[in-house]
Amino acid sequence: MQNSSILFWSLEEKREKKKEKKLLNHSSPIISMEASSTSFSHVVAMPYPSRGHMNPMMNLCKLLVSNNNSILVTVVVTEEWLSILSSEPKPDNISFLSISNVVPSELIRGRDQLGFIEAVMTKMEEPFEEVLYLFDHPPSIIVYDTFLYWVVGVGNRKNIPVASFWTMSASVFSVLSNQHLSEKGDEGVNYIPGISSTSIAEFHLLDDSNKNKQVVQMLLKGLEWIHKAQYLLFTSIYELESQAIDTLKSKSSISIYTIGHTIPSISLKNDPKPNTNNSYIEWLDSQPIGSVLYISQGSVFSASSEQIDEIANALCESNIRFLWIARNEASRLNQICGNMGLVLEWCDQLRVLSHSSIGGFWSHCGWNSTKESVISGVPFLTFPIVFDQPFNSKMIVEDWKVGLRVKENVKENVLVKKSEIIKLVCEFMDLDSELTKGIRERSRKLKKVCCDAIGDGGSAAIDLKAFIGDIIMHSSSKFTHA
């Protein structure tokens, strides 16, 4: 593994290398890593530049190279993301190639979500396409985030196979594919193929009037281009969404693989003392088994300030143990919540969820967090905010039956009062509660289902192996040394 000493190239450096090679008739490859193998498959990965999309893409890349050492991956990122990722550990077979920050700096930190999206959709295609001219060894395949639909056009023009990487659930994909955008209200809907009966309220991002309309349009644009790709990859477990996946496969003209959770597998190993040196891990080590409620509302969107205060006061009066990740508010909330827990800016979430002292997860139900909790066997208190989160909450509570809702109405203006929260968290965290005994047992069973799926011979392992076989099949040339 490498840290800050990783080898990477910027697009400008690649251009100069290419010029040097032409002038000197040099035969060294223009590729973003050194390689000792004379035969390899070159994967170019194009992630959407946000943490919730970057993490699963990077984990997919790590899965690919860890399962086949003849695969080399070049991840194309902006300079901003290069500065973030360059210090994170990664296998030697993965390198980064940076393009300029086509997204204005004032938009990068999320102060203008719509402006950020527009910049990504209109300004990244050209530098990405230019990148593909700079490799002596052509990519065997491009793996791209489904949001970045323009990658499909680039791949088709270059005659490079492309794989669409969907970072939400397969069930959400199925609902969006049916485009019930005109539906309103809370009535049940049971005619979406592969989806159990639901209501449009569970999917309020589809309301044309809401502030997320442009995000929805981007999603739908991505879906429109998928049929021109060669592969569709789901970051899910087949057994969790079998009906939706079977239905999608029966209707699709391209290959669909369900490749597992794409989460950091190292955190799931039962190593006795991970090298963390974090005080919160030491604190968790000192707590009784299953006694701590882990709370996280995501990294971008959160509940209202009024709702946050209701939660904080409820924790103070409930006397339950908790670990709360509250970005930018940790100091203030620590003063409100009392001394039964910790409020932090950040933690290693999967490491926390897999800790024996964690007995529940109060979650915004983002798909990455949902996957991490399910594979850790931790039951949920669901508190969705936007996008696919309400539908993920529906799957957690109604389909998998491994959680309870904090609020029944998913609309943003509903305030859950302190008294309601106290009653719910106290019963939920009571390990002997009749309300949650079944939930905890089903959570343990679902964990085993997921672990079996990613293990040898499991459904996710089989699909990943099949996709790797396709990558190798597309490799038409060999690495040439100087």
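A: Buried means under 20% relative accessible area, exposed means over 50%, and partly exposed lies in between, with a 1.4 Å probe and protein chains only. Helices (H or I, at least four residues) and strands (E, at least two) are DSSP runs, numbered from the N terminus. This is a predicted model, in which local features need pLDDT of at least 70 and side-chain atom pairs count only at pLDDT 80 or more, while totals for chains, interfaces and linings use all residues. Residues are numbered from 1 along each chain as its sequence is written, and side-chain values use heavy atoms, with hydrogens and water left out.

Helix H10 spans residues 242-251, and its buried residues are Ala 244, Ile 245, Thr 247 and Leu 248. They lie on the same side of H10, because the arc they cover around the axis is only 165 degrees; this arc is taken from the directions from the helix axis to the C-beta atoms. Gln 243 and Ser 250, on the other side of H10, are exposed. The cover over the buried residues of H10 includes helix H8 (170-178), together with strands E9 (231-234) and E10 (255-258). Contact here means heavy atoms within 4.5 Å.

Now the backbone angles. Phe 387 is not a glycine, yet has a positive phi of about 55 degrees. Phe 387 sits in the loop between strand E15 (380-382) and helix H16 (389-399), and counts as buried at 16% relative accessibility. Lys 401, also not a glycine, has a positive phi of about 60 degrees. The loop that holds Lys 401 runs between H16 and strand E16 (403-405). With 41% relative accessibility, Lys 401 counts as partly exposed.
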